[in-house]
Amino acid sequence: MKAFKVHKGKVAPLHRANIDTDQIVPKQFLKRIERTGFGEFLFYDWRRDQNGQLDPGFPLNHSRHKGASILVTGKNFGCGSSREHAVWALDDFGFRAVIAPSFADIFANNCVKNGVLTIVLSEAEVAQLVERATKHEDYQLTIDLQDCEVRDEHGFSAGFQVDEFTRHCLLNGLDDIGLTLQHEREITAYEAVHPAPVRLVS
Amino acid sequence: MKTRTLFEKVWDQHVVSEAEGQPPLLYIDLHLIHEVTSPQAFDGLRTAGRKVRRPERTVATVDHNVPTEPRGTPITDAIAAKQIEALQQNCREFGVRLFDIDSADQGIVHVIGPELGFTQPGMTIVCGDSHTSTHGAFGALAFGIGTSEVEHVLATQCLPQRKPKSMLIKVAGELGPGVSAKDLALGIIAKIGTDGATGHVIEYAGQAVRSLSMEGRMTLCNMSIEAGARAGMVAPDETTYAYVKGRRFAPRDWDSAIERWKALPSDANAGYDAVVELDAAQLSPFVTWGTNPGMVVPVSERVPELSAMKTDAERNAARRMFEYMGLEPGKRIEHITVDRVFIGSCTNSRIEDLRAAAKVARGHRVSSKVRAMVVPGSQAVKRAAEKEGLDQVFRDAGFEWRESGCSMCLGMNPDILQPGERCASTSNRNFEGRQGRGGRTHLVSPMMAAAAAIAGHFIDVRNWEFRN
């Protein structure tokens, strides 16, 4: 997993609530067996018209948001399907962090596993960031995971909370399967007293 | 001793380790796998030189991509075919049991788990699929995970998990005629919202829940994720035991299993982080009008007016939904015509769902303007329905009778809506494009879907003319 310490990048606003993972990456692109190359499918049905042409009205298609690495969006982002492809698409498109008033549980877990940071800010703070990103050309934010703070160069700053273990894993880019395997003895001991309740292989 | 909820009991029984500064490590009893969310996980194992730790606790099937045309029809989508082949190859290589496309036990992963007796009370169950919450109907702690977590469970049979909060949803009274478990689920989401249970495990309780069959409980728990919940659970009881008993992979030592299961229900006075109460008698057959499952109205009412929305954000979202759905505010739900009807999905494709739909369809004809399909959840459901003659009822009425799979719930196979087509669907998500780009989905119960197919528009099934 990629480490995340301090990131400074351009902001793209997408101020809608309840953006589900079907919008983030539509189902027709879930048949690939690879983990890479999903960026071109990000928000596909919103970014492109029926003929596959880019819709100039969609925020991520504005030239000013080109190269954005921080997405600012509405509450309950990532709801619906558990598809990790949604995170792979955001990551591959260049997003390192998503800022929203709330996230769906599975999506947020999937982000952590891919070194993408989800940051919860208040509705008011998110609205402020959306306004700034819409008004200022080349609007940038700095996300500091060491200090748990988001700030811009125009006086905005806000602290955010992140689970300490998640923060530790992100800061160090740790493979959490490796961490679990450090508990091998405990897992084996658990299995010794908890045999499979059924013979799943008949 | 501290009183505990059903969820807390199952949780406590599965904590392997609680190291300082780390989330608890939870043991996973049963890991269900399908073709869409597993290939990259198996690749990860190969790259790291890891094995599947417990193949005997891992079960795979193909469901999302499979065509519902007669079996043996070649899969024309080369990428879908490759994904199915990848699962076959991975199961062979890692020793995982696969119920393949030609198996008599193939079906939607959340239908076959319970049906084969894999799903049991008190278990922890995960799958790379958000509707894993379905299995909570048995008093199991069952939740959806992403592909990285699939890899984690394959490699370690464990998951590091922060303990979710608990929510009790208590439903008093009984559901009225024509009101089903699906309507109960939609009514709950309408009340608490699509993020109302985020971070929580729901326990459904109360008389209306006790009265539900296992199929009904599965429908209810299935939709927990649509309220944002981590999982949904129902305490096991005689209904649960009767369903599990005699199934192929049910416990052989039945008496000791029952003894364990009887200890699972929440203790009297156990505390919850949140409590929601509903009266079943207040619920109607519901229809969703918007593009998330919380946009619910009784069939007898109208698409809401903008003035009913509280905030600018809600009004803006509603305008988008009206435009996408091709609806005007204030339109009567019963005046909305449909082009397609889909009866199926992990929410509503079990035998009881098909019986309910067939009861409505019997002796009627599907509207000439509607294309309607019935997709049984599994091969076993299909066989059972055919044994009862339900397939004939559907065929006689003009419904297509298909092979089992996820089908038009998410349209990864060829069953999709065309742009602008409107569908009454028994599935779980009405998101934009879910059933096909530009497609318009209204979520309803199996009875309501069958009635819409025949009438050509939504109609209150409580006024239905049943024929024998």
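I am working from a predicted model, in which local features need pLDDT of at least 70 and side-chain atom pairs count only at pLDDT 80 or more, while totals for chains, interfaces and linings use all residues. Residues are numbered from 1 along each chain as its sequence is written, chains are lettered from A and ligands numbered from 1 in the order written, and side-chain values use heavy atoms, with hydrogens and water left out.

Entry on the helices. I looked up α12 (residues 351-361) and α14 (residues 390-397) of chain B, which pack at an angle of about 40 degrees with their axes 9 Å apart; helices here are DSSP runs of H or I with at least four residues, and strands are runs of E with at least two. Axes are lines fitted to C-alpha atoms, for helices over the stretch in contact, and angles run from 0 to 180 degrees between N-to-C directions. That angle makes α12(B) oblique to α14(B), since angles under 35 degrees count as roughly parallel, over 145 as roughly antiparallel, 65 to 115 as roughly perpendicular and the rest as oblique.

Entry on the sheet. I found an open sheet of seven strands in chain A, ordered β4-β3-β2-β1-β5-β6-β7 with mixed pairing, where two strands pair if DSSP finds at least two bridges between them. Its edge strands, β4 (117-120) and β7 (157-159) of chain A, each pair on one side only, and the twist averages 25 degrees from one strand to the next. Strands β1 (residues 6-14) and β2 (residues 70-73) of chain A run parallel and are joined by four bridges, and I noted L14(A) opposite T73(A) in β2(A).
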